[in-house]
Amino acid sequence: MKTLRPQKSIAGHTLSNTAIKALLGAAAFGAGLALTLLAASPAKAATGNPEAAKAKVAMCIGCHGIPGYQASFPEVHKVPMIAGQSAAYLAAALTAYQKGDRKHPTMKGIAASLSEQDILDLSAYYETLGKDLPAKAGKGGAPSAAVTALLQRGNCLSCHGENLNKPIDPSYPKLAGQHGDYLYVALKAYQTQGSASMGRNNAIMAGQVKGYTHAELKQLAQYIESLGGDLKTVPQSRFK
Ligand code: HEC
Ligand code: HEC
């Protein structure tokens, strides 16, 4: 026992020394890595600059700055309201058009011309645009029993939040008040996976829209449009 104990403790000591060295090594490596990442990150500033976007929005206002402006792909519908939408979602959407996860010929072409920083700047710009204008009022009233059942089936409020205007994550969209014809097109797009020319590849929403008929999606879209919320189209002239 007497010889065993010191041996044990020596062994233990040696081991912990080794362990400490390993830990120190890992810490040094970790610190090195952190420094490398820190050194790399300032150029890639994770935040957008709304001021810088002002030089870039000329490319957007011809569609997103004209109230009621219509698009025709894949069917005629109003261009979505993006002012007041959360920046993280706007950036995610623009990146999805750029990468082809959202297949939309016009928005893909536009997003392809944007750098990562352009996307952050434009997203920050549109998040704050129109904040000084009054929020869109809703029609009011509770959803019909049929719509309530549709909302419950997809648990829509669990992610898109109270009144579908307070998403639980900034990368999830605000929906309330958005144009119904656009929402209908968007919802159908999530049902179209893996097509080369249309649809949206998004694992979360693909799971949500599965099993709804087009008629049901239209009912949901019309209800969501009737809600009051933060989304707006802020009229802008090219010559401002
Ligand atoms: C020619 C018209 C047009 C122009 C110009 C245009 N957009 Fe769009 N945008 C659309 C249409 C149509 C959609 C809907 C696409 C779809 O169905 O997915 C859209 C969708 C979007 C979305 C997704 C909205 C959502 O709720 O998911 C964002 C973000 C967006 N555009 C930002 C921009 C920005 C930023 C610019 C300028 C750099 C721009 N767009 C220029 C027509 C346009
Ligand atoms: C588990 C979380 C979750 C649930 C539940 C959910 N959504 Fe979504 N929803 C998302 C996310 C994330 C996106 C953004 C997907 C993307 O980037 O294209 C989204 C996008 C959308 C869009 C596109 C908005 C736009 O501007 O293009 C619509 C419309 C929508 N959801 C409606 C619904 C409806 C209706 C329900 C219930 C049937 C529902 N969602 C349930 C997470 C969810």
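## Close-up views of a predicted model

**View 1. Helices α4 and α5 cross.** The axes of α4 and helix α5 (residues 105–112) come within 7 Å and cross at roughly 100°. Angles from 65 to 115 degrees count as roughly perpendicular. That makes α4 roughly perpendicular to α5. Which residues of α4 and α5 make the contact? On the α4 side they are L94, Y97 and Q98. On the α5 side they are M107, K108, A111 and A112. By class, the residues of this contact divide into five nonpolar, one polar and one charged. The model shown here, as in every view below, is predicted.

**View 2. The shell around ligand 1.** How many residues surround ligand 1? There are 21. The closest are C60, C63, A71, P80 and A93. Helices α3 (58–64), α4, α5 and α9 each give two or more residues to this shell. Which element provides the largest share? Helix α3 does, with five residues. Sorted by class, the shell around ligand 1 has 16 nonpolar residues, four polar and one charged. Look again at α4 and α5: the two helices that cross in View 1 both contribute to the shell of ligand 1.

**View 3. The shell around ligand 2.** Here 23 residues surround the ligand. The closest are G154, C156, C159, A186 and Q208. Four helices each supply at least two residues of this shell: α4 (87–99), α8 (156–160), α9 (180–190) and α10 (203–209). Which helix gives the largest share? That is α8, with four residues. By class, the shell around ligand 2 has 15 nonpolar, seven polar and one charged residues.

View 4. Find α4 and α9 in the model. Each gives two or more residues to the shell around ligand 1. Each also supplies at least two residues of the shell around ligand 2.

**View 5. The protein around these sites.** Step back to the whole chain. How many helices and strands does the protein have? It has eleven helices and two strands. Along the sequence, the pattern reads α-α-α-β-β-α-α-α-α-α-α-α-α. The protein has 240 residues, of which 28% count as buried. Now take the contacts between residues at least 6 apart in sequence. Among these, 73% join residues at least 24 apart.

Note on methods:
Residues numbered from 1 in each chain as written. Chains lettered and ligands numbered in written order. Predicted model: local features only at pLDDT ≥ 70, side-chain atom pairs only at ≥ 80, totals over all residues. Near = placed C-beta within 6 Å. Nonpolar A, V, L, I, M, F, W, Y, C, P; charged D, E, K, R; others polar. Axes fitted to C-alpha atoms, helices over the stretch in contact; angles between N-to-C directions. Parallel < 35°, antiparallel > 145°, perpendicular 65-115°, else oblique. Contact = placed C-beta atoms within 7 Å. Buried ≥ 20, exposed ≤ 12 C-beta atoms within 10 Å, placed from the backbone.
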